[in-house]
Structure formats: C-alpha cells, structure tokens
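Trainee: I would like to learn how to read a few local features in a model. Where do we start?

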Amino acid sequence: MRKCLKVWKAGSSKCLVVLAVLPFVASSASAQPVDKRKVATEITSTTNEKVRTEELKDLFADQQDFVDANAGLLLEPPSLTIPSLDNPEQNAWDLQPFKTFIDYKNWGATAPNTINPSLYRNAQLNMIHGLFQVKGPIYQVRGYDLSNITFIKSTAGWIVFDPLISFETARAALEFINGSGKIEGLTEAQKKVAAVVYSHSHVDHYGGVRGLCYQEDFAQCGIEVIAPEGFTEHAVSENVIAGNAMSRRALYMYGALLPKDAKGLVNGGLGQTNSIGRSTLVLPTKTIKTTGDEHTVGGVRMVFQMTPGSEAPAEMNTWFPDTSLKAMWMAENTTNTFHNVLTLRGAQVRDPLKWSQYLDETIRNYGAEVSVKFQSHHWPLWGNSKIVDYWKKQRDLYKYTHDQSVNLMNHGFTGEEISEQIRFPESLDKFWPNRGYYGTLRHNSRAVYQRYMGWYDGNPSNLNNLPPVDAAKKYVAYMGGIDKIVDLAKTDFANGEYRWVVEVLRHAVFANPSHLGAKELLADAYEQLGYQAESGPWRNVYLMGAQELRYGLPPVDGFTSASSDVIAAMTPEMVFDYLAVRLNGPKVWNWTIKMNLRLTDVPSPGAERPYGVDVENAVLHYQGGFFATADVQAKMSKATLDQLQTGVLTPGEAITKGMVIIEAGDGQKFEDFWAKLDTFKLWFNIVTP
C-alpha cells in the first residue's frame, strides 16, 4: 500500500511519500519561488549571538565532540544522494543541500543569524558522515539517514544493528562498506549479512531491513532477525490507532516541507533528517526476553539488557563482553541530546523515572568494564571514566526532570507553570550531550505533569472551556477588534515579545482566518521563535507553522497509511481495533450487524481462523469464533482484509472478483458495514481553524 502523495511546493508536483503509522516523514522539495521568509530581526540576532558568546561560551570552547565525531573515520563519500526506488522524481536521501550552509569541516564556523548557534553546532556534528571504525570489528556508517547503521564483522558475515528507515539507504550503506576497501581481511562470504538486531520498535531502527538482502524472498538470504520482546506488537501498533493525526504533526516536527537552508530545515536533533524511501519490515526470528540473555553470531558474543518502557515500549541495549571489546551499544537510551519524554508528533508519555533506573542498571552492570559506548544516533565515546560520567549525567537528566517536575506539581503548580520555572543544575545544564536538541526541559517537564495529572490543571475555568474558535471570537471582541490587536502586536513584535505575539495572534487568526495582517504577523513571530530555537523539532514546528500561514495547505491526490510490510504484520485483532476507531458513531446509532468472517491464511497460508465481528450501541466488538447466528458470513484471506481496510479494494470489487465469498446471509450487509467507516484526511488545519 504505497501510493504517491503529491504536495504543493509553489508549482512543484514532486511526490512526498508519507507513512502514516510511522513517526518520520520528510521532503526534498525545493524552496518557494516567491520567498516570503524574513531575515532575523536585530533582537533574534542578538539573542543568538549571546548563546555563543555568553550563555554557552565555555561549552563552545570545548571541541572534544568534534574529535570524537571524526574519530575512526575511514572513508567519506564525495557526495551523498540516494535515489528513490518508487519515485524517480525525488531522492530517498540527499545530504548535499545541507553542505551549502553547514560548514562541518570548520569546527569553529559561525552560525548564520537565523540559526541558534548551539543547534548549528549539533548540525555540524551530525553532518560528519561516512564509514567509521568504532573498535575492532565494530563499524558504523553515519549520515545515511536519521539514524546510524552499525556493522559488526563476524565469521558468519555482518551483524547489522538498526538498518535505518528505508530500503534504499540501508542498501547504499551496505554497498558502501563492502566496496570501501577499508575493512581488513573482509572475505566475500563476510560481505553478506548474517544477522540483524533491532534495538527497538521505531521505524528508523528497522525500516531498511529488506535492503540488506539481495533476494526477492528475504527468507532465502538466511538472515537471523533478533529483537526485544514486544517488538512486533509495538512496531506495528504504536502509531496505527492515532496514525493520521501523528503523521500530520510529524510533518511539523521534522520540517517535512521546509527548504534545506539557513532559514529552513537545519536538522532534526537526532540526525539531519529522515529518509523518504521504501520502508520495510521483516518479523523477528529470535526474541530476547530477559536481561542477561546471551546470543552468539559468527563468534561475536552479545549480552542483552532489556529496557522496555524507556525510550520505546520495546527496547534493549547490547553488551559485547569479550575482553578485546568491552563495548556497550546503548540503542537510543542515551544519545548526545536530551531526548523526548513526550514527542511533539504525539505519543503516549514515556516514563523518565524508569528510563533513569535502566541507565543506573547499565552503570552497575557494565560501568566497571566498559571501554567504548556507541548508539543508534550521533557518535561514540571512548574511555571508561568519561563513559561512566556521561551515563551518570544522562541518568540524572531524566531523574531530575521527573523528580523536580513532581516536586513542583505537589506544590500546586500546573504544567505550564512548572515548565516556566524548572531549571537544571549547572552540572547537567552545561554538559553538551544534555542540551535540548531533540527533547527540551520545557516540554518534557510538562509531559511529566501530564503523565501524573492528565489534561486538567484543576482550575474550574478549564473544565468546560470554550473551543478555540468560539473562545477566539470572544477574545477579539473583548480586545476591541482584530485590527486593534494587530496594531498592538506590532509593537510587541518590535520589542521582541514573540511568545506573547503568537499567543494573542492565534486568537485573532482563529477568529478571522482571512485577516492577512494577523496571519502575516503571526507567521513572522513564529519564524523568529524558530530562528532562536535550540531544539531542531521546535525550530521545525515554528517554521512549518509560518509556512502554512503564508502559503496554505498543499493540495493532495493520494495518501498512504503504512507500508505493505506493516499492514501485513497487523494481526486480525489489530485490524479490527483500527476498524473500530474508523467506525462513524453517529452513522450507526440505530444500526447493528453480526458478521462472521472466515480468514483463510491466519496464522499461515492454508490455515483458517473464524472471527465474529458485531456492531451494537455504535461500538464495534470482535471475538475469536463464529456467532451462532449472523446477518452475513464471508470468507476471505487476511491479505484481502488488508486491502479492504486500506481502500485498495471496495467490498463490491472484492465480491465480484471472488476475493470475498459470501457463504451465508445478506452480502449487502457486508458492503454496508464498510460504508460506515471513515477515511481520515491527512491535511487537517493546525495553525488555522
């Protein structure tokens, strides 16, 4: 189920492939022909300059990260553009535009005044790309996607950790390392992939897996696929239920449609951006269940540390205990940035207390011996004392955020109030890997409040408050009209009060979205906030908001909700749960159905499994086994059910083609059921009503 989503980029009809159930989307489209973007104001320029010369002056003097990020570099490709397999009009990956404004060779380069200098430094480091030797048989190819792909040389072939987002980028990385001529003693037999390890259940850690196999049937490559317990369930389901809304917000978080330049997309904090190639999924052949479980592939010993409920619902670190290595793979539990307790695209709030406890366990179990730590984003760190100090500060980053947010919560402060006053001690704040390039203390502290207290802040006025448009109209009327608001906001904008300007003008725009003066000034204020943001996602959110206010939403002619691998991996129960969400309640208030479904290829081709699906009280339920009596009984394959739920097939077509066989009852009832389901549109409004 991969269709082409065409998005408007000022006359361009380039395609953007969106994975709705996955957290990452991006675009390589060019800039608008009429560039309405503004320069940095004097206040923004001064604010950004103070970051470099005053606030983080001591940190900018430390260039050790550049030393570490370049350490072990064996080969850098002369250029890095990877074509898309499915769409010849776009690239799956293109690092070249970033090179025009990010000087990653000059460690002391000054950031453009439209980019926070700290974020610019992070982008410089993320731009250091190519083939690296971490230690002994451990190699990484960095800069080929949002994440790193790790290759460990074994007698059986490569052991690959986290094969990126896309088939194209993973294949390019494999061919790059095999063709580099930099791996001593690499035989032809060792150039094949023997095993893949998924560290966790996010798409940038498994999506390129099929690119590692040169056979059409992945099973013919004989690749062992190792993953933590719960991987499949969470990889498939995490974003299915709310997939459409998450995808729309992911366009903001990752700056999907922003030009790659000094006024646009700089990076995503964890890496430059994400690839937009063919996303795939191969189910695990071996599941790791317990900390301490050991597995050997081609002479390489791996001991796993389970960390479920940390950065991902299913995640694990990997320890390489051999005396020659003493290396720790940290998955995404530590990176060189403060991560997200709650990602801006939307998700369930993560548990920073549990996260910190796993890191404490890492220190206790492996801290005495570790000589190098490396992970799925950013660059490694060498030296036992440095690593343990780093682990402690990352551990305490999450625990301090948790403990002090809850402390302030128990003093009666709301999430907004907590985020305004919470601060890190200098030992945590003035440590480069703790800076908020991805997550931030402001929004993570609010996430902790949300985890414990929910959306309601206890103030009765917020219990049943007016929705945004109704409230906006009242605000505007009380303030004396939209023109007066805009005039006052212009003065505040000139004074650099951008946070207040966006607060007041969002009401003006929601009250009257056709008022150009309000929209233009709101866009200008969002833009300056973006230019000042240290967090890559914060910058992207602000700049995407500004862009949509100026140009509107892109018209589309197609949309896909998931890759075919993800759809196929959904169990029938997952499909039924999603159909229940799609059910339009008011349409079925007075409508019922009992439907027996015989699926012919679950759990494997040739097998059959009966299900009963019914709608009653405007709610869809299902059970294993048939109802004694039903309005209709239908027989089909799971593959046909997938095509029905994604809209590739209509019920009428499926029946006509013999893909659905009505075994008993009224076939029209079967068709009526599918007509009661909603299809979600991606391009709902965010910055306008």
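Mentor: Start with A331, which is buried, with a relative accessible area of 0%. Keep in mind that this is a predicted model.

Trainee: Where is A331 found?

Mentor: A331 sits in the loop between β16 (327-329) and α9. Its phi is positive, about 55°, although A331 is not a glycine.

Trainee: Which value does phi of D162 take?

Mentor: Phi of D162 is near 60°, again a positive value in a residue other than glycine. D162 belongs to the loop between β9 (157-161) and α6 (167-179). D162 counts as buried because its relative accessibility is 0%, and the cut-off for buried is under 20%.

Trainee: Next, aromatic rings. What describes a pair of them?

Mentor: A pair of aromatic rings is described by the distance of the centres and the angle of the planes. The structure holds 27 aromatic pairs. In one of them, Y206 and F231, the ring centres are 5.5 Å apart and the planes stand at 90°, so the pair is edge-to-face. The pair links distant parts of the chain, 25 residues apart: Y206 is in the loop between β10 (193-197) and β11 (224-228), and F231 is in helix α7 (residues 231-237).

Trainee: Are these two residues buried or exposed?

Mentor: Y206 counts as buried at 1% relative accessibility. F231 is buried too, with a relative accessible area of 1%.

Now take W355 and Y398, an aromatic pair that is stacked, with 4.3 Å centre to centre and 10° between the planes. This pair also links distant parts of the chain: W355 lies in helix α9 (residues 352-366) and Y398 in helix α10 (residues 384-410), 43 residues apart. Both W355 and Y398 are buried.

Trainee: Which residues of α15 and α16 meet?

Mentor: From α15, I482, I485, V486, A489, D492 and F493; from α16, Y498, W500, V501, V504, L505 and A508. The residues of this contact divide into 11 nonpolar, no polar and 1 charged.

Methods: Residues are numbered from 1 along each chain as its sequence is written. This is a predicted model: local features need pLDDT of at least 70, side-chain atom pairs count only at pLDDT 80 or more; totals for chains, interfaces and linings use all residues. Side-chain values use heavy atoms; hydrogens and water are left out. Contact means heavy atoms within 4.5 Å. Helices (H or I, at least four residues) and strands (E, at least two) are DSSP runs, numbered from the N terminus. Ala, Val, Leu, Ile, Met, Phe, Trp, Tyr, Cys and Pro count as nonpolar, Asp, Glu, Lys and Arg as charged, and the others, Gly among them, as polar. Rings of Phe, Tyr and Trp (its six-membered ring) pair if their centres lie within 6.5 Å; planes under 30 degrees apart count as stacked, over 60 as edge-to-face and the rest as tilted. Buried means under 20% relative accessible area, exposed over 50%, partly exposed in between (1.4 Å probe, protein chains only).
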